[in-house]
Amino acid sequence: MSLQKDSWLPLNNGLKIPVSGFGLYQIPVEDSTKLTYEALKAGYRHIDSAQAYQNEEEGAKGISQFLKENSDIKRSDIFFTTKIKNGEHGYEESKKSIEKSLAKVSPYIDYIDLFLVHSPISSKEQRLGTWKALQEAVESGKVKSIGVSNFGTPHLDELYAWEGLKNKPVVNQLELHPWLPRKDLQAYGKKYDYLLEAYSPLTQAKKLDDPELVSIAKKHNVTPAQILLRWSYDQGFIPLAKTVNVDRIKENFNVLDNVPKLSDEDYKILDKDSYEVLTWDPTKHVDQ
Ligand SMILES: NC(=O)c1ccc[n+]([C@@H]2O[C@H](COP(=O)([O-])OP(=O)(O)OC[C@H]3O[C@@H](n4cnc5c(N)ncnc54)[C@H](OP(=O)(O)O)[C@@H]3O)[C@@H](O)[C@H]2O)c1
């Protein structure tokens with residue numbers, strides 16, 4: 001069956017994740033409840049927050065408001081992600097950190113669908129301690145799935161070699177777009193059975209005026225942002241797009257309805273074979 005904008009993909013733990021995600025990074029705290037609500041109203045069912053974005057509580061509140069006004073939609077129809085921030089790694093620190101997030105969201109939602117380690121920036125002992133704390137959170141039922149973000153191949157090998165590993169990461173959330181396709185971590189996704197979530201799939205708007213991208217968009221009569229999202233879906237990624245603009249929320253969410261699969265010719269043009277980081281790159285982190 002072909003992918004729809006409201007499709008959910010199977011995770012390696014038997015649960016599912018919506019293929020279209022709305023990201024809350026750099027959304028001002030005071031707008032995060034309203035924009036989460038607007039994203040859900042437009043059809044998104046997947047909200048991506050983080051401790052570091054300081055809007056976990058506001059995102060959860062937006063979900064709760066939306067559910068109150070739409071009695072036909074259940075909590076289990078919506079997927080909420082957060083992430084343990086750098087500096088709160090290690091078993092004891094992460095246990096406290098997870099509790100803090102749960103306390104923030106619990107007035108609004110009764111569990112967290114996905115808790116990620118935001119980056120591997122700490123030490124082996126701390127990363128594995130964090131994972132132990134996350135596994136216990138799954139056991140408690142307050143967190144349904146756990147995953148990683150910005151993990152490079154050595155960080156993944158380290159986790160898989162650990163004798164304490166019970167819950168495999170369900171996703172690796174990475175900067176992914178045509179200028180940074182990360183073929184090595186795509187291959188690791190197959191090896192270790194995780195899905196790839198694409199963050200900054202719109203290149204944080206830094207490449208939207210790229211002449212080749214613009215010409216492909218013109219040919220299909222859609223926007224460059226929509227071409228980048230279509231590219232992401234076509235790779236099998238789960239793109240997480242951010243916007244503070246309600247019309248763009250709809251434009252981004254409706255890509256799988258409005259933009260046909262890209263042609264081989266389009267792919268060749270978009271295949272930059274480059275490693276151009278536009279945000280940050282903890283996948284290269286080496287312990288000090
Ligand atoms: N794990 C990590 O380390 C990490 C790092 C970065 C991001 N993320 C996640 O990924 C999400 C998305 O990444 P991102 O926020 O870095 O960047 P992004 O989604 O690639 O780009 C957002 C930028 O694109 C603009 N934009 C959005 N839709 C548009 C459209 N249809 N046409 C033209 N411009 C458009 C936005 O402007 P307006 O807002 O003005 O519309 C904003 O400037 C984040 O919100 C976060 O959830 C995770």
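Predicted model: local features only at pLDDT ≥ 70, side-chain atom pairs only at ≥ 80, totals over all residues.
- Apart from neighbours within four places in sequence, asparagine 55 contacts Leu24, Ile27, Ser32, Ser49 and Ala50.

**Strand E5 and its pairing**
- Strand E5 comprises residues 79-84; six of its six residues are buried, so the strand is largely enclosed by the rest of the structure.
- Side chains in a regular strand alternate between the two faces of the sheet.
- In E5, Phe79, Thr81 and Lys83 point one way, while Phe80, Thr82 and Ile84 point the other way, and all are buried.
- Strand E4 (residues 46-48) runs parallel to E5 and is joined to it by three bridges.
- Aspartate 48 has threonine 81 of E5 as its bridge partner.
- A right-handed β-α-β unit is formed by E5, helix H3 (residues 91-105) and E6.

**Histidine 118**
- An unreviewed UniProt entry annotates His118 as "binding site".
- Histidine 118 is located in the loop that lies between E6 and helix H4 (124-140).
- The relative accessibility of histidine 118 is 9%, so this residue counts as buried.
- Setting aside residues up to four places away in sequence, histidine 118 touches Lys83 and Ile84, among others; both of these belong to the buried residues of E5.
- Further contacts of histidine 118 include Ala50, Asn150 and Trp280.

**Surroundings of the ligand**
- There are 28 residues around the ligand, of which Asp48, Leu202, Gln204, Thr243 and Arg248 come nearest.
- Arginine 248 places a polar side-chain atom 2.7 Å from an oxygen atom of the ligand.
- For leucine 202, a polar backbone atom is 2.8 Å from a ligand oxygen atom.
- Asparagine 150 has a polar side-chain atom 3.0 Å from an oxygen atom of the ligand, and asparagine 150 is also one of the residues touched by histidine 118.

**Aspartate 266 in helix H11**
- Aspartate 266 belongs to helix H11 (residues 264-270).
- Its relative accessible area is 0%, so aspartate 266 is buried.
- A polar contact of 2.8 Å links the side chains of aspartate 266 and histidine 220.
- Neighbours within four places in sequence aside, aspartate 266 is in contact with Ile216, Lys219 and His220.

- Aspartate 193 is not a glycine, yet its phi is positive, near 65°.
- This aspartate 193 sits in the loop between helix H6 (183-192) and strand E9 (195-199).
- With a relative accessible area of 42%, aspartate 193 is partly exposed.
- Asparagine 221, likewise not a glycine, has a positive phi of about 60°.
- The loop between helix H7 (211-220) and helix H8 (224-234) holds asparagine 221.
- Asparagine 221 is exposed, its relative accessible area being 73%.

Definitions and conventions. Residues numbered from 1 in each chain as written. Heavy atoms only, no water. Buried < 20%, exposed > 50% of the residue type's maximum accessible area, 1.4 Å probe, protein only. Helix = DSSP H or I, 4+ residues; strand = E, 2+ residues; numbered from the N terminus. Pairing = 2+ DSSP bridges. Right-handed = clockwise from strand over helix to strand, strands pointing away. UniProt positions renumbered as here; feature names shortened; annotations may be inferred. Contact = heavy atoms within 4.5 Å. Near = heavy atom within 4 Å. Polar contact = N/O pair within 3.5 Å; in protein donor to acceptor, adjacent residues only side chain to side chain.
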